[in-house]
Amino acid sequence: MRVSKRASSAVALGAAFALVASGCSSSDSDGGDAGASSDGAITIDGTQPEVGLVPSNTTETGGGAIIDWIWTGLVEYPNDGSAPRNAVAESIETTDSKVYTIKIKKDTKFHDGTVVKAKNFVDAWNWGAYSPNGAQNGSFFGDIQGFADVHTEDPDGAEGPQKAPEPKAKEMSGLKVVDDFTFEVTLAAPTAVFPTKLGYSTFMPLPDAFFTQGAEAFGKKPIGNGPIKFVSWEDDVQIKLTRFDDYSLNDKMKIKDVNIKLYQDDTAAYNDLLAGNLDFQQQVPVSAIAGDKWKTDLADRAIPSTTPSTGIIAFPIYDKRFQNPKLRRAISMSINRQEISDKIFFGSRKPADSWANPLTPGAKAGNCTACQFNVEEAKKLLAEAGGFSGELVMFYNADASHKEWMEAVAQQVKTNLGINARAEGVPTFAVFRQNINAGKMTGMYRAGWQQDYPDVENWVGPLYVTGGSSNDGKYSNPQVDALAKEAASAPSLEASHAKYAEAVALIDQDVPSIPVYFGGQQSGHSEKIKKLELSNVGELDLTSVEL
């Protein structure tokens with residue numbers, strides 16, 4: 001799952017498309033003692049990032065939230081869910097949804113003082129797309145002309161991992177710097193949703209320093225262009241950020257310093273919140289939701305919200321035991337999602353019944369037939385699949401409240417299908433994600449998705465298209481790929497969404513993963529915070545915080 005700045009409404013494209021200017025703003029510091037800041041400091045909860053903080057290489061929430069805070073993209077997604085609007089972009093224009101002319105504002109800077117120029121976007125996108133660099137989000141540049149010349153996939157097969165062919169080129173032909181503050185993007189085909197994507201962190205600019213330092217060194221001391229800049233990172237302990245005084249866009253940081261405390265247990269974080277040692281927790285533990293205890297504990301500091309996210313259990317389809325779609329459907333249909341919602345989440349989550357969260361533009365409710373609870377049908381499908389031999393382990397990261405619901409799912413599968421299923425925790429999210437990305441999962445595992453940008457395409461391309469950035473289980477269906485390609489190049493968002501619906505119907509037959517619940521969020525803050533806003537995906541908007 002990836003959390004980023006996003007909105008819940010789609011962009012409407014006209015003959016000439018231009019977004020309205022907007023942005024954020026702030027002030028600088030040498031990153032001294034946060035507690036000594038006269039402008040105020042807060043401590044918030046977080047998780048250890050899986051990898052270094054490079055936008056096009058970050059696919060999970062621990063690093064993703066930090067990238068969202070220290071970078072600003074061409075567009076931003078307002079907290080109120082209204083349409084995307086310009087941030088660094090001065091204008092984004094097209095007459096055919098294929099060739100886009102992007103002009104950027106001339107007065108924005110990176111945290112090292114260098115000016116953000118058109119080449120910083122072009123160079124960053126070329127780096128992310130060039131497959132030898134190994135950027136996990138590289139597939140997001142697939143709309144751009146020339147992507148296939150810079151991005152080749154590993155031809156892994158029955159004989160095991162194989163080295164990918166050397167790409168034909170190092171730069172995409174569809175990117176051209178026009179002048180210091182203008183660049184042109186030519187897509188392989190007209191793509192109506194392309195401007196909507198540009199607020200996702202993969203499309204952030206990179207300073208020249210990135211290319212001299214290299215990705216590994218840069219990722220440990222990132223240089224962004226947002227209202228908040230990086231100070232320091234102590235693994236599994238804390239990450240410190242501070243205000244960037246030379247930030248020139250609109251929203252001003254009202255506080256100076258932010259300490260992100262990296263917890264290995266969400267109950268410990270909640271106890272710190274109650275004790276006044278933590279100023280914001282994005283999701284309180286499940287144990288605090290029972291009987292609305294969290295509302296009693298926090299009173300008017302309790303913040304309920306609904307987010308466009310879905311809790312999922314994924315299959316490692318690269319494991320031969322999980323390659324029969326009838327087995328996958330059987331397991332899915334043996335799960336009583338309503339019972340999970342009522343008994344584990346106390347009604348704070350809703351049973352999932354569709355492949356894309358219904359809060360997302362273009363998503364259709366009720367299109368997951370595999371989400372229906374039907375034990376008799378599940379038993380029949382399991383028999384047709386030849387059963388399941390041995391132990392079925394369902395893994396989850398143990399540093400958040402996933403133990404209860406994962407154990408409940410495992411017990412339902414065991415009771416309803418007679419499969420020897422159990423849940424097992426992996427100590428930290430970072431290690432858990434590293435195992436997933438390495439293709440080393442030996443059983444089913446907890447996953448989830450929170451939209452990166454507001455369109456149903458984001459629930460299909462990254463998750464279920466062959467080679468998608470978050471297609472961790474290696475699911476592949478050529479028909480889904482073809483329909484997704486048609487959808488991406490459709491002449492309008494309406495036509496695009498219709499094609500994605502066709503792709504989802506095939507996904508529903510294959511059951512490459514198991515949607516379990518739709519997200520609801522329970523956040524809390526300390527008495528120290530007078531005012532704050534959440535993004536529409538539940539992330540704290542640090543520029544809104546007042547003490």
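Helix H16 (478-488) gives five residues to the lining of the second largest pocket, the largest share. The model is a predicted one. Helix H3 (147-150) and helix H15 (461-464) also give two or more residues each to this lining. In total, 31 residues line the second largest pocket. Nearest its centre lie Ser-139, Gly-142, Asp-143, Val-465 and Lys-485. The volume of the second largest pocket is about 820 Å³. By class, its lining holds 13 nonpolar residues, twelve polar and six charged. Rolling a probe the size of a water molecule over the atoms shows where empty space is left.

H3 leads on to Ser-131. This serine sits in the loop between helix H2 (118-129) and H3. Is Ser-131 buried or exposed? Its relative accessible area is 18%. Buried means under 20%, so Ser-131 counts as buried. Which residues does Ser-131 touch, leaving aside those up to four places away in sequence? They are Val-150, His-151, Thr-152 and Pro-167. With Thr-152 there is a polar contact as well: the side chain of Ser-131 reaches the backbone nitrogen of Thr-152 at 3.0 Å.

Next comes helix H1, residues 61-70. Nine of its ten residues are buried, so H1 is largely enclosed by the rest of the structure. The buried residues are Gly-62, Gly-63, Gly-64, Ala-65, Ile-66, Ile-67, Asp-68, Trp-69 and Ile-70. What covers them? The cover includes strand E2 (41-46), strand E9 (228-234), strand E10 (238-243) and strand E12 (257-262). Helix H14 (429-437) and strand E21 (540-546) are also part of the cover. At the start of H1, a side-chain oxygen of Glu-60 comes to within 2.6 Å of the backbone nitrogen of Gly-62.

Asp-68 has a relative accessibility of 3%, so it counts as buried. Asp-68 and Gly-224 are 156 residues apart along the chain. Their C-alpha atoms are separated by 9.7 Å.

Now the cysteines. How many disulfides does the structure hold? It holds one. This bond joins Cys-368 to Cys-371, with an S to S distance of 2.1 Å. The torsion about the S-S bond is about 80 degrees, so the disulfide is right-handed. Both partners fall under the 20% limit for burial. Cys-368 has a relative accessible area of 3%, and is therefore buried.

Most residues other than glycine have a negative phi. Asp-292 is not a glycine, yet has a positive phi of about 55 degrees. Where does Asp-292 lie? It lies in the loop between helix H8 (286-289) and helix H9 (293-298). Its relative accessibility is 38%, so Asp-292 counts as partly exposed. Ala-299 also has a positive phi, near 55 degrees, and is a residue other than glycine. Ala-299 is found in the loop between H9 and strand E14 (302-314).

Technical notes
Residues numbered from 1 in each chain as written. Predicted model: local features only at pLDDT ≥ 70, side-chain atom pairs only at ≥ 80, totals over all residues. Heavy atoms only, no water. 1 Å grid on protein atoms, 1.4 Å probe; cavity = no way out; pocket = protein on both sides within 12 Å on 5 of 7 lines; lining within 4 Å. Points joined across faces, edges and corners; volume = space filled by probe spheres on them. Helix = DSSP H or I, 4+ residues; strand = E, 2+ residues; numbered from the N terminus. Nonpolar A, V, L, I, M, F, W, Y, C, P; charged D, E, K, R; others polar. Buried < 20%, exposed > 50% of the residue type's maximum accessible area, 1.4 Å probe, protein only. Contact = heavy atoms within 4.5 Å. Polar contact = N/O pair within 3.5 Å; in protein donor to acceptor, adjacent residues only side chain to side chain. Disulfide = S-S within 2.5 Å.
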